[in-house]
Protein chains: 2
Amino acid sequence: MSDLERISLKLEARGHRITPSRRAVVAAILARKGHFTADDLVVRCRGAGRATVFRTLRLLTEIGAVCRVLMEDGALRYLVSERGHHHHLVCTGCGAVQDIDACAVSGAIRDLSEATGYDVEGHWLELYGRCAACRAAVPAGVTA
Amino acid sequence: MSDLERISLKLEARGHRITPSRRAVVAAILARKGHFTADDLVVRCRGAGRATVFRTLRLLTEIGAVCRVLMEDGALRYLVSERGHHHHLVCTGCGAVQDIDACAVSGAIRDLSEATGYDVEGHWLELYGRCAACRAAVPAGVTA
DNA sequence: ACAGATTTGATACCGTGTCTCACTGAGACC
DNA sequence: GGTCTCAGTGAGACACGGTATCAAATCTGT
């Protein structure tokens, strides 16, 4: 089963129709390597309008086919995702994104719940660093 | 020493002038309880122009007098901060923000560095939940 | 075929933030 | 005092990401 088919099934399961526009957006997303902006898609999906791209993007985020990555400068980007809850390790050199399956904070959350009286329901964690390749290309400490 | 004076000193130490506009922006920020948007400040700082408010806000973020909070919906807000590195626990009920001094992920970062070959340089962590007061007012599971 | 619901795309709009540019005001120097 | 310089200012235009509106198109079930 292709990724496109799997996503289509998920959408249909939630009562959404599989239209040519949505198919085009999903195909464009799957064709992207790494993260992308909503505007990237708008440019590539000449067939679908801006609003439709954003709507589809939101739909896909809701069903978990796409997730959002917070870049170091505060900008939000999108990324194809097949996992449920996970975090990202973003390379500040080349922009590569590595998924992290193990949730690094689940233990800390329990402690915090007790200490603060909060019922912690969710969290957002992004990590930034330099991947092995970028470190080899430009050793740490050297600012280009 | 008042907060305003402390912040002024920090700015001067970096070679910035303490102008009436900046003083007004800082005063407006200090008068705010909890988080606020840049637009909040623009409205309250009738004396200072929009651009100046944003510029001052950026300055204060750089010197660490103000930090940004990522809300659950992806929106960014500002918050007075006297600490260095810390994280936030945001109440999804009343919007209260609790600072968390202990960095919950420093241990996990070491492990990740080894596992992935990344040199992890920074991270962003926000936690969301319901504070004790909100849990008492509307018990968990009840959606208003 | 028909009614009703969903989807679409053009466009206007909003929020957040930056850029531009002419102007100001304070300090340095003569 | 005059004037030079330069950080800072504010009005407004702009950029960007995303949402709201709304008429038209397209499905779906009967």
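1. Contacts in chain A. Two residues are in contact if their C-beta atoms, placed from the backbone, lie within 7 Å. Take the contacts in chain A between residues at least 6 apart in sequence: 44% of them join residues at least 24 apart.

2. What the model is. This is a predicted model, in which local features need pLDDT of at least 70, side-chain atom pairs count only at pLDDT 80 or more, and totals for chains, interfaces and linings use all residues. Residues are numbered from 1 along each chain as its sequence is written, while chains are lettered from A and ligands numbered from 1 in the order in which they are written.

3. Chain A overall. Chain A has 6 helices and 5 strands. Helices (H or I, at least four residues) and strands (E, at least two) are DSSP runs, numbered from the N terminus. Their order along the sequence is α-α-α-α-β-β-β-β-α-β-α. The C-alpha atoms fill a box of roughly 45 × 45 × 30 Å along the principal axes. Of the 144 residues in chain A, 26% are buried (20 or more other C-beta atoms within 10 Å of the residue's own, all placed from the backbone).

4. Where chain A meets chain B. Each of the two chains gives 33 residues to the contact. On the chain A side, β3 (87-91), β4 (97-100), α5 (106-116), β5 (119-130) and α6 (132-137) each give two or more residues. β5(A) gives the largest share, 12 residues. By class, this side has 19 nonpolar, 8 polar and 6 charged residues. Here Ala, Val, Leu, Ile, Met, Phe, Trp, Tyr, Cys and Pro count as nonpolar, Asp, Glu, Lys and Arg as charged, and the others, Gly among them, as polar.

5. The strand pair. Two strands pair if DSSP finds at least two bridges between them. β5(A) and β5 (residues 119-130) of chain B run antiparallel and are joined by 11 bridges. Trp124(A) has Glu126(B) as its bridge partner.

6. DNA strand C. A residue is near a strand if its C-beta atom, placed from the backbone, lies within 6 Å of it. Around DNA strand C there are 21 residues, and Thr19(A), Ser21(A), Gly49(A), Thr52(A) and Ala38(B) come nearest. The surface has 7 nonpolar, 7 polar and 7 charged residues.

7. DNA strand D. Of the 21 residues here, Ala38(A), Thr19(B), Ser21(B), Gly49(B) and Thr52(B) come nearest. Two or more residues each come from α3 (38-44) and α4 of chain A, and from α2 (20-31) and α4 of chain B. The class counts are 6 nonpolar, 7 polar and 8 charged.

Conventions
Buried ≥ 20, exposed ≤ 12 C-beta atoms within 10 Å, placed from the backbone.
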